[in-house]
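Trainee: I have just opened this entry and would like a guided look at it. Could we go through it together?

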There are 2 protein chains.
Amino acid sequence: MKTYSITEIGSFDSIKRVTLKEKLGLTGAEVSVNRLPAGTESSFSHAHKRNEEIYIFTSGTGMFWIDGDKIPVQTGSAVRIAPSGVRAIKADSSADLIYICIQADEGSLVQATREDGIRSEQRPDW
Amino acid sequence: MKTYSITEIGSFDSIKRVTLKEKLGLTGAEVSVNRLPAGTESSFSHAHKRNEEIYIFTSGTGMFWIDGDKIPVQTGSAVRIAPSGVRAIKADSSADLIYICIQADEGSLVQATREDGIRSEQRPDW
């Protein structure tokens, strides 16, 4: 059985919304790639029961509304929101807002990077 | 205490490598944004102890080597690798390869999206 899976999302500019959990068989996080058209906003605000959300903005500018605070976002903004934060988002009128959203169970990460990685002696046969 | 944190990565084109766990106080996943210069490869292959890795390629073309398989990647490719998969990566000579890498504890996701979300009646005061 293969240890990996792959899918092709294509250009982010033409995406409406793609969720990767089913496509890739994810077990540790849900990941979505999203496009909010220029001048529009999320249709309702929401919070979460258990999941931390992490947003990474790859194109456009807009605004987060989190617990009443207004936070401008742009290409390269990265945001963490705890489950209880009530959030909504809107795109400026100038361009679509494109972002990756990651959901993961709050507090579930045990270790990462150097602690979790195992260096291998195998050499790729490029 | 605020339920959110934010950081500015800036343009992905000028990034070397940025990790977000410390910057944002992440507790469910480690997220990094990475740039592998054109024509170069990761300096060693590696696996993981507990973490699933999810890669999303935002620019460039290149190749994954996973357990001896060679898998072409390009803008919009999304890849899941189980902890035990031995992996390395290289960028084609034509352009830098830019990608987001997410690490999360394998099997830790309990629920996501509709199951985990709570619709709120609060309305943003844009």
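This is a predicted model: local features need pLDDT of at least 70, side-chain atom pairs count only at pLDDT 80 or more; totals for chains, interfaces and linings use all residues.

Trainee: How many residues of chain A are in contact with chain B?

Mentor: There are 86 residues of chain A in contact with 86 residues of chain B. Between them, the two chains bury about 7,300 Å², and 57% of that area is on carbon and sulfur atoms.

Trainee: Which residues of chain A lose the most area to chain B?

Mentor: They are A:Thr3, A:Leu109 and A:Trp126, which together account for 11% of what the chain A side buries.

Trainee: And how many salt bridges are there between chain A and chain B?

Mentor: The count between the two chains is four salt bridges. B:Lys2, for instance, pairs with A:Asp69, and their closest N and O atoms are 2.6 Å apart.

Trainee: What rotation superposes chain A on chain B?

Mentor: A rotation of 180° with 0.0 Å of shift along its axis does so, with an RMSD of 0.0 Å. The two copies are therefore related as by a two-fold rotation axis. In chain A, the C-alpha nearest that axis belongs to A:Ser108, at 3.2 Å. Both copies use the same surface, since 100% of the contact residues of chain A recur in chain B.

Trainee: Let us change topic to salt bridges within a chain. What does B:Asp105 pair with?

Mentor: The side chain of B:Asp105 meets that of B:Arg50 in a salt bridge, 2.6 Å from N to O. B:Asp105 lies in strand 10 of chain B and B:Arg50 in the loop between strand 4 (45-48) and strand 5, so the pair ties together parts that are 55 residues apart in sequence.

Trainee: Is B:Asp105 buried or exposed?

Mentor: B:Asp105 counts as buried, at 9% relative accessibility.

Trainee: What about B:Glu106, where does its partner lie?

Mentor: B:Glu106 forms a salt bridge with B:Arg80, at 3.0 Å from N to O. B:Arg80 is in strand 8 (residues 77-81) of chain B, whereas B:Glu106 is in the loop between strand 10 and strand 11 (117-120), so this pair links parts that are 26 residues apart in sequence. B:Glu106 is partly exposed at 37% relative accessible area, while B:Arg80 counts as buried at 10%. In chain A, salt bridges that share partners join A:Glu52, A:Arg80 and A:Glu106 into one network.

Trainee: How many salt bridges are there over all chains?

Mentor: A search of the whole structure finds 16. Another of them joins B:Glu22 and B:Lys21, at 3.5 Å from N to O. B:Glu22 is exposed, with 68% relative accessible area, and B:Lys21 is partly exposed, with 25%.

Trainee: One last topic, the nonpolar core. Which residues touch the most other members?

Mentor: The largest nonpolar core has 34 residues, and A:Leu20, A:Val31, B:Leu20 and B:Val31 touch the most other members. Strand 3 (30-36), strand 5 (51-59) and strand 10 (97-105) of chain A, together with strand 3 (30-36), strand 5 (51-59) and strand 10 (97-105) of chain B, each supply at least two residues of this core.

Trainee: What does A:Leu20 touch?

Mentor: Leaving aside residues up to four places away in sequence, A:Leu20 touches several residues, including A:Ile9, A:Leu26 and A:Val31 of chain A and B:Ile56 and B:Ala78 of chain B.

Terms used
Residues are numbered from 1 along each chain as its sequence is written. Chains are lettered from A and ligands numbered from 1 in the order in which they are written. Side-chain values use heavy atoms; hydrogens and water are left out. A nonpolar core is a set of buried Ala, Val, Leu, Ile, Met, Phe, Trp, Tyr and Cys residues joined through side-chain atoms within 4.5 Å. Buried means under 20% relative accessible area, exposed over 50%, partly exposed in between (1.4 Å probe, protein chains only). Helices (H or I, at least four residues) and strands (E, at least two) are DSSP runs, numbered from the N terminus. Contact means heavy atoms within 4.5 Å. Copies are superposed by least squares on the C-alpha atoms of residues with pLDDT of at least 70 in both. Buried area is the accessible area (1.4 Å probe) that two parts lose on being put together, summed over both.
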